[in-house]
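I am opening a notebook page to keep track of what I look up in this structure.

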Amino acid sequence: MSPASLERVLLDMKLLDEAALDKARLVQIDRGIPLKDALVLIGALTDHDMVSALGIQWNIPFMPTIGELEVDPVILDKLPVSYLRKYTLVPVKVQPDTIVVAVHDPAEQEAFFDISRILRSREIKRVLAPKQEILGAISRLNEQKEESAKDVMDDIGEEDDEILKDLESIQDITVMETEAPIIRLVNRLMVQAYRERASDIHVEPYQSDVKIRFRVDGILHDVLSLPKRIHPAVVSRIKVMATLNIAEKRLPQDGRIGIKLGDHSVDLRISTVPTVNGERLVMRILDKSSVLLGLEELGFYPDDLATMERLIKQEHGILLMTGPTGSGKTTSLYSMLSRINSPDKNILTIEDPIEYQLKGIGQIPVNTKVGLTFASGLRSIVRQDPDVILVGEIRDLETAEISIQAALTGHLVFSTLHTNDASSAVTRLIDMGIEPFLVTSSVNAIVAQRLVREICPACKQQYYPESESLIDVGLSREMLQKDGYLWRGAGCKECLWTGYKGRTGIYEILIMSDAIKSTILKTSDSNNIKRVALEEGLHSLREDGARKVEDGITTIEEVLRVTQL
């Protein structure tokens, strides 16, 4: 059918109007792309709407979602994953005489001649499906076929001893690099960690074996135990991938590996340290293509969200995020920067390392090897005419002084500190050597943050809590809804039998009010500062956590784990 037929279908379905068509035609001519792609590109149609319209135009059934595949994964031996992704198609049902294939573009004919030839004597029926559905189905099919890291370990039998022993020389390690079992083992560990939502992979050598552990939702889990003989080969393979010095085993090393997992670009930050039992190695997983969370998705209650919206729109001053490593401070700051990012603002950051790349924001990585520290980078940033500055962390007096000076001269500064609660951040700055009057005149607010694991929705169930545990978190039986019941996860395959899946934040927002400023000028004692803040209505970390326990978001045990009084 002609392109006009597609236009007619779209107009009849009332999916767009003539104005959108005119705009799409201009983009079509300008970029030399099909009209259907131009309409999706300008946002006039979603991919779902476009594919449903193509189904009507070509008289092909439309499959909006692809459920369970009725396909033996062995079909990937004949139709490789790379081929399926290239043509955006996937077999969804295989019968003795017929194969049903979901496709994204009905005009793509070449692939069908190939499939007919490869699979022979089978009738091929087409259905149309959205691109993301097809790519997701390809990944699921590939997962069913792929072996786990444990499967690979089972393949590395005693016959591999000749390759694995005596790996102290560079020559032996180079030989190792060409041997499939270790390469497959390392690759499967990375893929498995990513799919299980792990943030870190730990390779920990002990006297008789090597433990592989994944950190999922902030908690370490044992995944695999390797024979000690495998350890040098595994570490050497990872070092080769990270272009580290494979001969150096006595000093700590840091590096990075960039890999692609389907449509996802993933950065692995590698850190090695020598121990008495061999090199210990940790890989931090950073998904560069992950979607940045919006401010509303961070776990703020409506009252706190309104406060944060107001704070990030200030013209000048410092907003400090505090909490231990891994408490989500950087993610929160990135969400705030994204919210205020606009063409009329010049936003610059200095970070160590850059965890997400933000469009329209200038990001500078710390590089201590060439003398680019937080302090020196911040000095240069201030001369770049910024409106908003993000300093990854205030670690020393010099960085603190420049940050405060920037805030006092009309810049909005975001940064982090490692303290237990909001009021302790004031004490920390003063202990660094900052005068109390500079703290009160430059800091707008301090936000303490922790991450708690969310109850798995697939196995969520009610239970009757003990009075003692309620008291520990600051709740009473009378405060609870549902006849005094709370929620917890029973444990299932979805949450790896932990009862938790995903994380959310709990917060403590200390606004620099007149009463708190007056207290700081008199004393730097964090207890006195916190007492005044509580009198003014501050929700402590534990109180915010208790609200999330009441609402069935997390559990008492989680809140007690991450907070301390």
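The entries below go from the overall chain to single pairs of residues.

**Entry 1: the whole chain.** I noted before anything else that this is a predicted model, and I kept that in mind while reading every value. I looked up the secondary structure and found 23 helices and 18 strands in the chain. I then checked the extent of the chain, and its C-alpha atoms fill a box of roughly 85 × 70 × 60 Å along the principal axes.

Entry 2: I asked what share of the 565 residues is buried, and the value came out at 48%. For the accessible surface I wrote down about 27,600 Å², with 50% of that area belonging to carbon and sulfur atoms. I also looked at contacts with a separation of 6 or more, and residues 24 or more positions apart account for 63% of them.

**Entry 3: charges.** I looked up the charged side chains and found 67 positive and 85 negative ones, with the centres of the two sets lying 2 Å apart. Side chains of opposite charge can pair when their charged atoms come close. I therefore looked for salt bridges, taking a nitrogen-to-oxygen distance within 4 Å as the cut-off, and the count came to 28.

Entry 4: I began with Lys36 and Asp37, whose side chains meet in a salt bridge at 3.3 Å from N to O. Lys36 counts as buried at 15% relative accessibility, because buried means under 20%, whereas Asp37 is partly exposed at 33%.

I went on to Asp209 and Lys211, which form a salt bridge at 3.0 Å, N to O.

My next pair was Asp267 and Arg256, joined by a salt bridge in which the closest N and O atoms are 2.4 Å apart. The two partners are eleven residues apart and link distant parts of the chain, with Arg256 in strand E7 (residues 253–261) and Asp267 in strand E8 (residues 264–275). Is Asp267 buried or exposed? I found that Asp267 counts as buried at 5% relative accessibility, and that Arg256 is partly exposed at 43%.

Note on methods: Residues numbered from 1 in each chain as written. Predicted model: local features only at pLDDT ≥ 70, side-chain atom pairs only at ≥ 80, totals over all residues. Heavy atoms only, no water. Helix = DSSP H or I, 4+ residues; strand = E, 2+ residues; numbered from the N terminus. Buried < 20%, exposed > 50% of the residue type's maximum accessible area, 1.4 Å probe, protein only. Contact = heavy atoms within 4.5 Å. Areas by Shrake-Rupley, 256 points an atom, 1.4 Å probe, with all protein chains shown as cover. Lys, Arg positive; Asp, Glu negative; His and termini not counted. Charge placed at Lys NZ, Arg CZ, Asp CG, Glu CD.
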